[in-house]
Amino acid sequence: MNIVGAVRNGGSALKETIHRIEDLSKRVGQYSVIIATNDNTDDTDQTLSEYAKRCAEVQIIRLDGVISGISERVERITAARNSILETLEKNGRDNHLTLMLDLDGPNICLNPEAVLAAAKRSDVQWEAVFANSRPAYYDLYALRCRGWCEQDVWQAIHNARKPLFGRQKWRRNLLKTMIHDRQFHIPEDCQLIPVDSAFAGAGLYKTQALRGLRYKCRDEENRLVCEHVLFHQEMRTRGARLYIDPALMTIAPQEHLGEGSGAPFPPNLQNLSSGAT
């Protein structure tokens, strides 16, 4: 298994996530770890150097200086993810699966057994499965799912007509309607949920399905879009089958949640999961 991720200023969450990765790596046989990082101002560089020093399978990609050349955060993340894909292809490791993780918080409680269970799934054909999160599925930015989230929520918020007065309350209500009311609590025993895109801090991919692909974060109209959405769109064009695996759990960052987050998973979306093939 390839275990990969990008991080900047990961702090204590990075250290805890590395412990989880070490636990997982002991159980998967052949593995490699690739982490891209840049322009850290905390102890992340030291943490990563110590990790690479104690484990020969760890490779650190240092992209220092990118912050001065790329001002937009999503574009920097896109560049980091592409450096990982390029390194994977150059290394030529014959690892069947690639686990991509956010390393700055969502995976501090990553359960190796849940990852292994996801990897062994044979009840459906899949090219990628993505995490659920507790207490609610938070990542609407990366999500595209019929009947749940079919558009870029942040573009919709940006384009919403603003009132002349009471804008603070208006924005709070808009965030609740567009985001928090759709951040559902998905039971861990729910069946796989078919999606066009998702992430929520973790994605397990069949490595072959990644070959030749690269991330991008600008659509045809040069609008900024989540890098996962366009990447998974390319995968879907190739015929890839993508799902949320409710048993593969991450921790939702508190700052991404709000009033309304954690509502019960709607029956109509559960019916989608029952139709996974």
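This is a predicted model: local features need pLDDT of at least 70, side-chain atom pairs count only at pLDDT 80 or more; totals for chains, interfaces and linings use all residues.
Five bridges tie β4 to strand β7 (residues 202–206), and the two run antiparallel.

- β4 is mostly covered, with six of its six residues buried.

- Which order do the strands follow? The open sheet has eight of them, in the order β3-β2-β1-β4-β7-β5-β8-β6, and the pairing is mixed.
- β3 and β6 (193–195) are the edge strands, each with a single partner, so one side of each has no neighbour in the sheet.
- Neighbouring strands here are turned by 25 degrees against each other on average, if you ignore direction.
- β1 and β2 pair in the parallel sense over six bridges, and A6 stands opposite A36 in β2.

**Helices packed on the sheet**
- Helix α2 packs on the sheet, where it touches β1, β2 and β3. Its direction makes about 150 degrees with that of β3.
- Helix α4 (residues 73–91) packs on the sheet too, touching β1, β2, β3 and β4 (97–102). The direction of α4 makes about 145 degrees with that of β2.

**A closer look at α2**
- Which residues of helix α2 (residues 44–54) are buried? They are T44, T47, L48 and Y51.
- Seen down the axis of α2, these buried residues fall within an arc of 95 degrees, so they line one face of the helix.
- Over on the other side of α2, Q46 and K53 are exposed.
- The buried residues of α2 pack against β1 (2–7), α1 (11–25), β2 (32–37) and β3 (58–62).

**R54, also in α2**
- R54 has its place in helix α2.
- Is R54 buried or partly exposed? With a relative accessible area of 49%, R54 counts as partly exposed.
- Leaving out residues up to four places away in sequence, R54 touches I18 and E22.
- The side chains of R54 and E22 are joined by a polar contact of 2.8 Å.

**The nonpolar core and M1**
- The largest nonpolar core has 87 residues. Those with the most contacts inside this core are M1, L143, W148, V195, Y205 and M235.
- What does M1 touch? Not counting residues up to four places away in sequence, its contacts include L24, V28, Y31, L97, L99, V115 and L204.
- M1 touches Q30, S32 and N95 as well, again not counting residues up to four places away in sequence.

**N132, a buried residue in β5**
- N132 lies in strand β5 (residues 128–134).
- N132 is buried, with a relative accessible area of 0%.
- Setting aside neighbours within four places in sequence, N132 is in contact with Y137, I186, P187, I244, D245, P246, L248, M249 and T250.

Notes
Residues are numbered from 1 along each chain as its sequence is written. Side-chain values use heavy atoms; hydrogens and water are left out. A nonpolar core is a set of buried Ala, Val, Leu, Ile, Met, Phe, Trp, Tyr and Cys residues joined through side-chain atoms within 4.5 Å. Buried means under 20% relative accessible area, exposed over 50%, partly exposed in between (1.4 Å probe, protein chains only). Contact means heavy atoms within 4.5 Å. Helices (H or I, at least four residues) and strands (E, at least two) are DSSP runs, numbered from the N terminus. The arc is that of the directions from the helix axis to the C-beta atoms. Two strands pair if DSSP finds at least two bridges between them. Axes are lines fitted to C-alpha atoms, for helices over the stretch in contact, and angles run from 0 to 180 degrees between N-to-C directions. A polar contact is a pair of N or O atoms within 3.5 Å; within protein, one must be able to donate a hydrogen and the other to accept it, and residues adjacent in sequence count only if both atoms are side-chain atoms.
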